[in-house]
Amino acid sequence: MGNTDTFHILALDGGGTRGIYTAQLLAKIEQAFQRRIKTCFDLIAGTSTGSIIAGAAVSDIPMADIVRLFENKAPHIFRRRWYRLPLFLSKYPSAQLSQIIAAHLPATALGEISMPLMITCSEIAKSDIHIFRSNYGSRDSEMAPTSKKVCLRDAILASCAAPTFFAPKSVDNFLLADGGLWANNPSTVAFTEALSVFGKGAQEIRMLSIGTGHSTNMYRQRRGWGFITGWGGAKLTSYVMTLQSQASANMAKLLLKQNYLRLNPEIDFWELDTLVQLDTLKSLAERDFGENTAEIEAFIPTEFG
């Protein structure tokens, strides 16, 4: 962590396989500045696929390894059931994702992770938010309960349980789904945490926020606007998450002004389970790193304790 007065935050969006953009961008940062991501920030917040990357970062796993994880394992995670009744079963069985997470991330309890980490989820039984935290103080245990005994892997699986794509996950007596339903871009959540838990003033906070692509071709004018024929069923989930990301980015920019850097490329509509655009997303990450290297460096502390 930085030993300056500035409080550095990394906020990572959800977005399914599009998270390869985030992983590649962070891998370029590690390569260029010769330091691991966990040493560059005082707080890391992640949602859904962003929680996988955040969990890897606090576990000191090189980001290049996570890029390879997306490349090699995404086809296994998003391998459809040999049979499926769309109205009754999720699109993919959770077991495949669970196996991959278990193979690549440590079975560490949140209470054993000293690096400040936030993972967002949605508590669907009570229509409430749920935030998993590593071993640091909780703002309000009743509002955002968390157990330090919860395994990092379980918190990540819960955050990745996108509606219709994966079934909800039961963790610590809570029924949890994707945090992207309310915090696909966790920027404002992390900002609030810095103010309330870490006692920072807004002027002390500097945040790097990384998206997974802003779709510019979501919907077109048409006659029928039924759930399937117009809104596109599962496509609606992506649309809601995209809107949340944009709203959070706009608010964070208003609050932090020049101390907020958002990297999020414009893309066509690529679903959360797209497998054909992984190389394109990697290229976009390399382009954005190259074009914003100086700006990114300004969001990385130069001194460490």
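Reader: Which helices each supply at least two residues of the lining of the largest cavity?

Author: Those helices are α2 (49-58), α3 (63-77) and α4 (94-104). Helices (H or I, at least four residues) and strands (E, at least two) are DSSP runs numbered from the N terminus. This is a predicted model, in which local features need pLDDT of at least 70 and side-chain atom pairs count only at pLDDT 80 or more, while totals for chains, interfaces and linings use all residues. Residues are numbered from 1 along each chain as its sequence is written, and side-chain values use heavy atoms, without hydrogens and water.

Reader: What makes a space a cavity, and which residues count as its lining?

Author: On a 1 Å grid over the protein atoms alone, a cavity is a set of points where a 1.4 Å probe fits but cannot get out, and lining residues have an atom within 4 Å of a point. The structure holds two cavities of 30 Å³ or more. The largest cavity is lined by 24 residues, with Gly16, Thr17, Thr49, Ile52 and Phe78 nearest its centre. Helix α3 gives the most to this lining, with five residues.

Reader: What is the volume of the largest cavity?

Author: The volume is about 250 Å³. A volume here is the space filled by probe spheres set on the grid points, which are joined across faces, edges and corners. The second largest cavity holds about 70 Å³.

Reader: How do the residues lining the largest cavity divide by class?

Author: There are 15 nonpolar, seven polar and two charged residues. Ala, Val, Leu, Ile, Met, Phe, Trp, Tyr, Cys and Pro count as nonpolar, Asp, Glu, Lys and Arg as charged, and the others, Gly among them, as polar. In the second largest cavity the lining has two nonpolar, nine polar and three charged residues. That lining has 14 residues, of which Arg18, Asn184, Gly213, Thr242 and Ser245 lie nearest the centre. Helix α8 (residues 234-256) gives the most to it, with four residues.

Reader: Why is helix α5 called largely enclosed?

Author: Six of the eight residues of α5 (residues 152-159) are buried, so the rest of the structure largely encloses this helix. Buried means under 20% relative accessible area, exposed over 50%, and partly exposed in between (1.4 Å probe, protein chains only). The buried residues are Leu152, Ala155, Ile156, Leu157, Ala158 and Ser159.

Reader: At what angle do the axes of α4 and α5 cross?

Author: The axes come within 10 Å and cross at roughly 145°. Axes are lines fitted to C-alpha atoms, for helices over the stretch in contact, and angles run from 0 to 180 degrees between N-to-C directions. The contact (heavy atoms within 4.5 Å) is made by Leu97, Ser98, Ile101 and Ala102 of α4 and Arg153, Ile156 and Leu157 of α5. By class, this contact has five nonpolar, one polar and one charged residues.

Reader: Is arginine 206 called buried, partly exposed or exposed, and why?

Author: Its relative accessible area is 26%, so arginine 206 is partly exposed. Arginine 206 is found in strand β7 (residues 205-210). Leaving out residues up to four places away in sequence, arginine 206 touches Thr6, Phe7, His8, Ile9, Asn259, Ala298 and Phe299.

Reader: What makes glutamine 34 exposed?

Author: Glutamine 34 has a relative accessible area of 66%, so it is called exposed. Glutamine 34 is found in the loop between α1 (19-33) and β2 (43-47). Although glutamine 34 is not a glycine, it has a positive phi of about 55°. Most residues other than glycine have a negative phi.

Note on methods:
1 Å grid on protein atoms, 1.4 Å probe; cavity = no way out; pocket = protein on both sides within 12 Å on 5 of 7 lines; lining within 4 Å.
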